[in-house]
Amino acid sequence: MSSLELRGVGVRYGRFTAVEGVDLTVPDGSVTGLVGGSGSGKSTVGKAVVGLAPLTAGRILVDGVGQPRRPGRTPVQLVFQNPYASLDPRLSIGAAVAEALPRTRLDPDNSGSSAAGRWTRAERAAEVARLLGLVGIDPARAAQLPAALSGGQRQRVALARALAARPGVLIADEVTSALDVSVQGAVLNLLRRLQRDLGFALLFISHDLAVVRYLCDQVAVLESGRLVECGPAAEVMARPAHETTRTLLSCIPALPARTVTEAP
Ligand SMILES: Nc1ncnc2c1ncn2[C@@H]1O[C@H](COP(=O)(O)OP(=O)(O)O)[C@@H](O)[C@H]1O
Ligand SMILES: [Mg+2]
């Protein structure tokens, strides 16, 4: 689908430098974990990529080309930590997903056999149902308001909204942190399955190295807005080169190894 490349990325809020000199490539179809302690600049990196934080230095490239840095206009989608805040409480979940669809429907298989054009009402409803089904929400619930859903289900809807734009790159910022522990595993499994099936590049932001180990091909470690370590996940986990990485690793319960299990 797409690759994401950050070159010398810096973000300042006024005189405060939140992120500086970040070079990071998320290769096409792969998963990169961005880890670091609270306030290390993880969310700022994600927001800078989609134009929600001011890029004060460097460049962001998708498939090697620069991005129009207007939110909602990029092939990069961001899913936030808190599904309670990211969904409009007055909008049905079906309407919330429909709202995120591109204005014109895409040629589904790029074959040129069905030209891109305006959605008919039926096509739009079918696409919303497809997206809800993709994230494990019964499409029959499309008319329900977010209040009728659990936190995990809301995060699934937020994911469906992000996927509606058919992004080449997805940024998931602490997507399970606000959820009940009992549903975190199911949402992570869903994310992993979707990444494999749809093939988008995933920048997975987390403070939890146990989860990153489970999900990621590559790990990048942020401290005070700078990358201090980056490499293949297995290598970084086995032989962390930086003190920050060792500290984050020491937060993982040692034995038994924490595993993420498939929830019903
Ligand atoms: N809009 C903002 N204005 C000023 N400072 C901010 C803003 N957003 C984040 N920061 C600061 O930037 C630093 C990095 O924040 P953030 O990217 O949210 O870290 P993380 O996601 O790793 O916890 C923190 O010190 C935070 O207080
Ligand atoms: Mg954050």
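**Figure 1. Overview of the predicted model.** The protein has 9 helices and 12 strands, where helices (H or I, at least four residues) and strands (E, at least two) are DSSP runs numbered from the N terminus. This is a predicted model, in which local features need pLDDT of at least 70 and side-chain atom pairs count only at pLDDT 80 or more, whereas totals for chains, interfaces and linings use all residues. Residues are numbered from 1 along each chain as its sequence is written, and chains are lettered from A and ligands numbered from 1 in the order in which they are written. Of the 264 residues in the protein, 39% are buried; a residue is buried if 20 or more other C-beta atoms lie within 10 Å of its own, exposed if 12 or fewer, and partly exposed in between, with C-beta atoms placed from the backbone. Among contacts between residues at least 6 apart in sequence, 68% join residues at least 24 apart; two residues are in contact if their C-beta atoms, placed from the backbone, lie within 7 Å.

**Figure 2. The largest nonpolar core.** This core has 70 residues, a nonpolar core being a set of buried Ala, Val, Leu, Ile, Met, Phe, Trp, Tyr and Cys residues joined through C-beta atoms within 7 Å. The residues with the most contacts inside the core are V79, V97, A160, V169, I171, A172 and F204. Helix α5 (residues 151-164) supplies the largest share, 7 residues. Domain 1 (1-75 + 168-264) and domain 2 (90-166) both give residues to the core, so it lies between them; the domain bounds come from an automatic or database domain assignment. Beyond its neighbours within four places in sequence, V97 is in contact with V128, L131, L132, V157, A160, R161 and A164.

**Figure 3. Strand β9 and its two partners.** All 5 of the 5 residues of β9 (residues 169-173) are buried. V169, I171 and D173 cover one side, and L170 and A172 the other. Strand β6 (residues 76-79) runs parallel to β9 and is joined to it by 4 bridges, with L78 opposite I171. Strand β10 (residues 201-206) is also parallel to β9, through 5 bridges, and A172 stands opposite F204. From β9 the chain passes through helix α6 (residues 181-198) to β10 in a right-handed β-α-β crossover; right-handed denotes that, with the strands pointing away from the viewer, the path from the first strand over the helix to the second runs clockwise.

**Figure 4. The open sheet of 6 strands.** The strand order is β6-β9-β10-β3-β11-β12, with mixed pairing; two strands pair if DSSP finds at least two bridges between them. The edge strands β6 and β12 (226-232) each pair on one side only. Strand β3 (residues 31-35) runs parallel to β10 over 5 bridges, and L34 stands opposite I205.

**Figure 5. Helix α1.** In α1 (residues 42-49), 8 of the 8 residues are buried, namely K42, S43, T44, V45, G46, K47, A48 and V49.

**Figure 6. Antiparallel pairing of β1, β4 and β5.** Strands β1 (residues 4-13) and β4 (residues 55-62) are antiparallel, with 6 bridges, and G10 stands opposite A57. Strand β5 (residues 65-66) is joined to β4 by 2 antiparallel bridges, V62 having V65 as its bridge partner. The β4-β5 hairpin has 2 residues between its strands, and D63 in the turn has a positive phi of about 50 degrees.
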